[in-house]
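Me: I would like to go through the pockets, cavities and helix packing of this model. Please keep the answers plain.
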Amino acid sequence: MKAFTVHQGVVAPMDRANIDTDMIIPKQFLKSIKRSGFGPNLFDELRYLDEGQPDADNSGRPLNPDFVLNQPRYAGASVLLARENFGCGSSREHAPWALEDFGFRAVIAPSYADIFYNNSFKNGLLPIVLDDAIVDRLFKETAANEGYQLTVDLENKVVVTPSGEKIPFEVDDFRRHCLLNGLDDIGLTLQDAEIIKEYESARRVSAPWLFHV
Amino acid sequence: MAGKTLYDKLWDQHVVKMRDDGTALIYIDRQLLHEVTSPQAFEGLRIAGRKPWRLDANLATPDHNVPTTPVERESGIDGIQDPVSRIQVKTLDDNCDHFGITEFKMADKRQGIVHVVGPEQGATLPGMTVVCGDSHTATHGAFAALAHGIGTSEVEHVLATQCLIQRKMKNLLIKVDGELGKGITGKDVVLHVIGLIGTAGGNGCAMEFGGSAIRSMSMEGRMTMCNMAIEAGARVGMVAFDEITAEYVKGRPYAPKAEQWEMALEAWADLKSDDDAVFDKVVEIRAEDIKPQVTWGTSPEMVTTIDGSVPTLDDAADDVERSGFTRAYEYMGLTAGQKITDIKLDRVFIGSCTNSRIEDLRAAAEVAKGRKVAGSVKQALVVPGSGLVKAQAEEEGLDKIFVEAGFEWREPGCSMCLAMNADKLGSGEHCASTSNRNFEGRQGYGGRTHLVSPAMAAAAAIAGHFVDVREF
């Protein structure tokens with residue numbers, strides 16, 4: 001996993017609540033057996049004017065000029081700004097894969113669906129929770145200033161605005177540690193293999209019907 | 001000291017290790033696998049040179065991509081027309097063969113939607129922790145199990161370690177007391193709940209469904225309710241263990257037998273929230289207040305009753321909701337104030353992990369019996385949840401009722417719930433669907449989904465528009 005320490009990038013605003021993972025990456029692209037290559041189909045139904053197909057070339061497809069990521073002022077955006085309950089619905093990890101593959105490193109929203117939030121950390125994508133009022137203000141600042149950028153500092157748990165204002169955010173220590181260091185949590189869990197085996201032996205006695213061999 | 005909730009008990013029983021930061025390693029008793037969210041997890045194991053921790057805790061079946069027409073199914077995997085789907089189904093077979101994981105392959109009678117197959121096989125049992133790379137894993141909580149939908153990285157983590165890293169959630173109780181009216185099902189109850197608390201209402205919570213209306217509900221109804229806990233934002237849905245649970249589980253292939261059955265019953269008896277348990281939040285609902293539900297918009301919380309209308313902008317709580325309504329009117333091709341019974345249907349879908357079990361098919365068949373699908377409806381599909389549900393329905397003659405009424409009787413799979421196979425809506429088409437999500441494009445590019453119960457879907461198919469099944 002890619003480590004995340006400090007990132008500065010252009011902010012793209014998606015001003016709607018309840019953006020679901022079907023919207024982030026529609027189902028036909030879930031047929032892939034790979035982890036990469038989802039970027040060109042991120043927000044496919046909003047981004048293009050036709051229906052996308054898996055494994056197809058997207059370069060000649062008609063773009064929806066109204067969609068935020070197609071507007072030149074947001075070219076190269078790597079920080080996504082959204083409203084509440086971002087990433088609701090399906091558990092598909094293809095959603096953070098697609099955001100990351102497109103080039104996003106952080107999302108800022110007032111709240112997230114639990115599974116999406118969790119999946120993001122496993123893929124070097126930082127979901128930041130900020131108050132409704134602050135998110136609202138960031139939407140206004142983004143709209144008012146072309147090329148608006150934010151700096152996300154995970155080490156110090158702050159979002160820094162162009163004026164130098166530092167907005168603090170909360171993040172779980174373990175997740176922060178893994179993300180800062182790009183750690184694979186399977187390796188960490190396996191350090192507790194003996195404890196897992198002990199638990200399992202006890203469970204084999206208390207609930208033998210759960211074990212078939 | 002206050003008593004414990006069902007979630008507290010299941011959590012305590014599965015903590016392997018508490019970490020300093022408040023997260024815990026939770027032991028996983030059962031992992032269900034399907035073709036969409038597992039290939040990258042198996043690839044991860046291979047790259048790291050790891051093996052599954054415990055083979056017999058896993059059970060796999062392909063469901064999302066499988067074709068449902070008998071013709072396409074006859075020639076097995078090679079017969080799958082879509083080459084990308086074919087590779088994904090084949091990859092699941094290859095991975096299960098390679099690692100030695102039990103799989104009900106496409107041609108197996110026991111194949112079906114993973115959330116139908118698990119309970120049907122007794123592979124989901126009370127007191128278990130169950131995970132699957134699918135958000136509708138909440139379904140299994142109907143058995144007083146702790147079931148989490150997880151992402152692919154977590155699928156790999158569970159394969160490799162038999163554990164999940166979790167932070168304890170809050171306890172939310174949805175208490176439904178009283179008697180449900182005639183024709184009101186678990187689907188109507190859960191849609192009513194989602195309408196009440198919203199799609200984010202259960203975020204961060206384990207949601208238990210309790211109260212007398214739940215106690216008298218069948219396992220199928222309970223599974224439908226827990227299935228859609230995620231549409232209210234709760235990753236976990238649950239119902240306490242009782243005689244109805246025991247009756248359903250008894251005798252199933254993976255269920256405990258003989259003296260182990262007695263031992264299990266004793267262990268399971270306490271799988272309920274204590275009378276003095278403290279919940280972080282309680283929502284009380286009177287069963288009598290619940291009418292047949294129909295979603296009008298593009299989020300499950302955009303729901304109303306069969307005698308209702310599409311809400312107006314005045315009904316929205318704030319600007320964010322107003323803009324959501326405006327977008328939904330446009331996408332759905334509806335106008336504010338339009339009566340629900342005036343919505344005409346192009347297609348009808350009866351199936352999905354929410355509503356494809358035998359009781360669902362019986363309810364739909366009862367409505368369809370001796371009637372005909374309206375000429376204006378292009379297609380009405382009935383897709384059983386598993387090969388065994390299909391066989392049972394055929395034994396009861398339900399297939400004949402459907403076919404005579406003009407429905408298509410299909411092979412088991414997820415089908416038009418998410419349209420990863422050939423079953424999908426055309427752009428602009430309205431569908432009465434027994435599935436769980438009415439998101440934009442969910443059932444097909446530009447498709448318009450209305451979520452309803454199986455009986456309501458069948459009645460809509462006959463009438464060509466929504467009708468109140470209680471008066472049908």
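Me: What volume does the largest pocket have?
Reply: In this predicted model, the largest pocket has a volume of about 1300 Å³. A pocket here is an open set of points on a 1 Å grid over the protein atoms alone, with protein on both sides within 12 Å along at least five of seven lines, whereas a cavity is a set of points where a 1.4 Å probe fits but cannot get out; lining residues have an atom within 4 Å of a point. Grid points are joined across faces, edges and corners, and the volume is the space filled by probe spheres set on the points.

Me: Which residues are closest to its centre?
Reply: Tyr117(A), Asn118(A), Phe121(A), Lys122(A) and Arg175(A) are the closest, out of 44 residues that line the largest pocket.

Me: And which elements give two or more residues to that lining?
Reply: From chain A they are α3 (94-102), α4 (114-121), α6 (173-181) and α7 (185-190), and from chain B α2 (39-48), α6 (152-161) and β7 (163-167). The largest share, five residues, comes from α2(B). Helices (H or I, at least four residues) and strands (E, at least two) are DSSP runs, numbered from the N terminus.

Me: How does the lining of the largest pocket divide by class?
Reply: There are 15 nonpolar, twelve polar and 17 charged residues. Ala, Val, Leu, Ile, Met, Phe, Trp, Tyr, Cys and Pro count as nonpolar, Asp, Glu, Lys and Arg as charged, and the others, Gly among them, as polar.

Me: Some conventions, please. How are residues numbered?
Reply: Residues are numbered from 1 along each chain as its sequence is written, while chains are lettered from A and ligands numbered from 1 in the order in which they are written. In this predicted model local features need pLDDT of at least 70, side-chain atom pairs count only at pLDDT 80 or more, and totals for chains, interfaces and linings use all residues, while side-chain values use heavy atoms, with hydrogens and water left out.

Me: What about the volume of the second largest cavity?
Reply: The second largest cavity has a volume of about 130 Å³. It is lined by 23 residues, and Gly87(A), Cys88(A), Gly89(A), Ala113(A) and Ile230(B) are the closest to its centre. α4(A) gives the most to this lining, with four residues.

Me: Back to the helices. At what angle do the axes of α3(A) and α4(A) cross?
Reply: The axes of α3(A) and α4(A) cross at roughly 50 degrees and come within 9 Å. Axes are lines fitted to C-alpha atoms, for helices over the stretch in contact, and angles run from 0 to 180 degrees between N-to-C directions. The two helices, α3(A) and α4(A), are therefore oblique to each other (angles under 35 degrees count as roughly parallel, over 145 as roughly antiparallel, 65 to 115 as roughly perpendicular and the rest as oblique).
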